[in-house]
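Good morning, and thank you for making time for this presentation. I would ask you to keep the sequence and the structure in view while I speak.

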Amino acid sequence: MNWRRARRIGSSLLGRRLAVRLSEPFYRWLAQRQTVRRLQSLPQRGLLVNLGCGYRPLVGWVNVDSARGFADVVCDVRAGLPFREASCRAILSEHLIEHLTREEGIRLVNECYRVLEPGGVLRISTPDAEKFLRAYAIDD
């Protein structure tokens, strides 16, 4: 269900004041329920997973994020990945790992290897800090 549509329905049914007060716990519950349904409907092998999709989901991929935005699966990756062992053909993570502590990042990479099929691909990209630091230092 589209989140904006759900919020509109909730607002019209409950009244604006009550919907605003109940929105976060209600929508968190709804996201968890939809996530469980989506996980059950996924194939057992060959998944393409996009971790930390934000507002740029990839078509044909299982988009994962901690916020409900455009994600197919809503979860906090710091707590582990909700996929079966050896079920993912490829995992993509762009601009996510820099938001984690070193320990959380190591746990995430270990989780990625757990869910990757033999010969699967893990691609992690992060911003180039040197580029921004040089631009800052050179700029007068």
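Let me begin with a definition: a residue is called buried when its relative accessible area is under 20%, exposed when that area is over 50%, and partly exposed in between. Arg-114, with a relative accessible area of 28%, is therefore partly exposed. Please bear in mind throughout that this is a predicted model.

Five strands make up an open sheet, and their order is β3-β2-β1-β4-β5. The pairing is parallel. The edge positions belong to β3, residues 73–74, and β5, residues 116–125. Each of these two has a single partner strand, so one side of each is left without a neighbour in the sheet.

Let us look at strand β1, which covers residues 47–51. On one side, β1 pairs with β2, residues 62–65, in the parallel sense and over three bridges. Within that pairing, Asn-50 has Asn-63 of β2 as its bridge partner, and Val-49 stands opposite Val-62. Helix α3 packs on the sheet, where the helix touches β1, β4 and β5. The direction of α3 makes about 145° with that of β5.

Strand β1 is also joined to β4, by five bridges, and these two strands run parallel. Leu-48 has Ala-90 as its bridge partner in β4, while Leu-47 stands opposite Cys-88 of that strand.

The next topic is the nonpolar core. The largest such core has 18 residues, and those with the most contacts inside it are Val-49, Leu-51, Val-64 and Phe-83. Strands β1, β2 and β4 and helix α3 each supply at least two residues of this core. Val-49 deserves a moment of your attention. Leaving aside neighbours within four places in sequence, Val-49 is in contact with Trp-61, Val-62, Val-64, Phe-83, Cys-88, Ala-90, Ile-91 and Leu-92.

Moving across the sheet, β4 and β5 run parallel and are joined by six bridges. Leu-92 has Arg-123 as its bridge partner in β5. The chain passes from β4 through α3 to β5, and this β-α-β crossover is right-handed.

I now come to the salt bridges. Side chains of opposite charge can pair when their charged atoms come close. The rule applied here asks for a side-chain nitrogen of Lys or Arg within 4 Å of a carboxyl oxygen of Asp or Glu. How many salt bridges does this rule give? The count comes to three.

One of them joins the side chains of Arg-114 and Glu-111, with an N to O distance of 3.0 Å. Both residues lie in helix α3, residues 102–115, and they are three residues apart, about one turn of the helix. Whereas Arg-114 is partly exposed, Glu-111 is buried, with a relative accessible area of 19%.

Another salt bridge links Glu-130 and Arg-134, at 2.7 Å from N to O. Because these residues are four apart in helix α4, residues 129–138, about one helical turn separates them. Glu-130 counts as partly exposed, at 46% relative accessibility.

The remaining pair to report is Arg-78 with Asp-76, whose side chains meet at 2.8 Å, N to O. Arg-78 is partly exposed, at 42% relative accessible area, and so is Asp-76, at 33%.

Finally, a word on the backbone. Most residues other than glycine have a negative phi. Where do Ala-86 and His-95 lie? Ala-86 is in the loop between β3 and β4, and His-95 is in the loop between β4 and α3. Ala-86 has a positive phi, near 55°, and the phi of His-95 is likewise positive and near 55°. His-95 is partly exposed, at 40% relative accessibility.

Conventions
Residues numbered from 1 in each chain as written. Predicted model: local features only at pLDDT ≥ 70, side-chain atom pairs only at ≥ 80, totals over all residues. Heavy atoms only, no water. Buried < 20%, exposed > 50% of the residue type's maximum accessible area, 1.4 Å probe, protein only. Pairing = 2+ DSSP bridges. Contact = heavy atoms within 4.5 Å. Axes fitted to C-alpha atoms, helices over the stretch in contact; angles between N-to-C directions. Core = buried A, V, L, I, M, F, W, Y, C linked by side-chain atoms within 4.5 Å. Right-handed = clockwise from strand over helix to strand, strands pointing away.
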